[in-house]
Amino acid sequence: MDLAGFIERARDKKDLSFRKLERASDLDHAYIWHLAKGSKTSPSETTLEKLSEALSLDERERAILQLLAEQPIDDALFNLMITRRDIAWDELRDVSRVSNRGDRQTTEEGWLKLIEHMRELF
């Protein structure tokens, strides 16, 4: 999942057109479109906050949006971030930033094992 995909997913979930999202966020619809299509990246903190409010994101979703503004997330890890609210956000964020030199996790089971491994280390 990347920032563009997440914005599109959230926009579709709320059934918001770019114009409606523009009115709700006070951001230019063309800028939102470029973010949602991936042709613009690295939005400011203010932009992320306005999008979060306009898309009615909960605390976890806001954290995911901010993380996606920094880096894309493996789809399996993204699914864990959305569905496994019992896992602390800090653990999920930390494993997303771990580089395994070509042995990166690509399944939910793999990510869960990595979270367990990191728990054992700290």
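These legends accompany several close-up views of a predicted model. Local features are described where pLDDT is at least 70, side-chain atom pairs count only at pLDDT 80 or more, and totals for chains, interfaces and linings use all residues. Residues are numbered from 1 along each chain as its sequence is written, and side-chain values use heavy atoms, with hydrogens and water left out.

View 1. An unreviewed UniProt entry places the feature "domain: HTH cro/C1-type" at residues 7-62. UniProt positions follow the numbering used here, feature names are shortened, and annotations may be inferred rather than shown by experiment. In the model, this span is 68% helix and 0% strand, and its end C-alpha atoms lie 11 Å apart. Helices (H or I, at least four residues) and strands (E, at least two) are DSSP runs, numbered from the N terminus.

**View 2. Helix H4 and what covers it.** Helix H4 takes in residues 45-54, and its buried residues are Thr47, Leu48, Leu51, Ser52 and Ala54. Buried means under 20% relative accessible area, exposed means over 50%, and partly exposed lies in between (1.4 Å probe, protein chains only). What covers these buried residues? Among the elements are helix H1 (3-13), helix H2 (18-25), helix H3 (29-37) and helix H5 (59-70). Just after H4, look for Ser56, which takes a positive phi of about 55°.

**View 3. Arg11 in helix H1.** Find Arg11 in helix H1. Is Arg11 buried or exposed? Arg11 counts as buried because its relative accessible area is 10%. The side chains of Arg11 and Glu8 are joined by a polar contact of 2.9 Å. A polar contact is a pair of N or O atoms within 3.5 Å; within protein, one must be able to donate a hydrogen and the other to accept it, and residues adjacent in sequence count only if both atoms are side-chain atoms. Setting aside neighbours within four places in sequence, Arg11 is in contact (heavy atoms within 4.5 Å) with Leu16, Ser17, Phe18, Leu21 and Leu55.

**View 4. Ile115 in helix H8.** Helix H8 covers residues 108-121 and includes Ile115. With a relative accessible area of 3%, Ile115 is buried. Which residues does Ile115 touch, not counting residues up to four places away in sequence? They are Ile87, Glu91, Leu92 and Val95.

**View 5. Ala88 in a loop.** Ala88 sits in the loop between helix H6 (75-83) and helix H7 (89-96). Ala88 counts as partly exposed because its relative accessibility is 40%.
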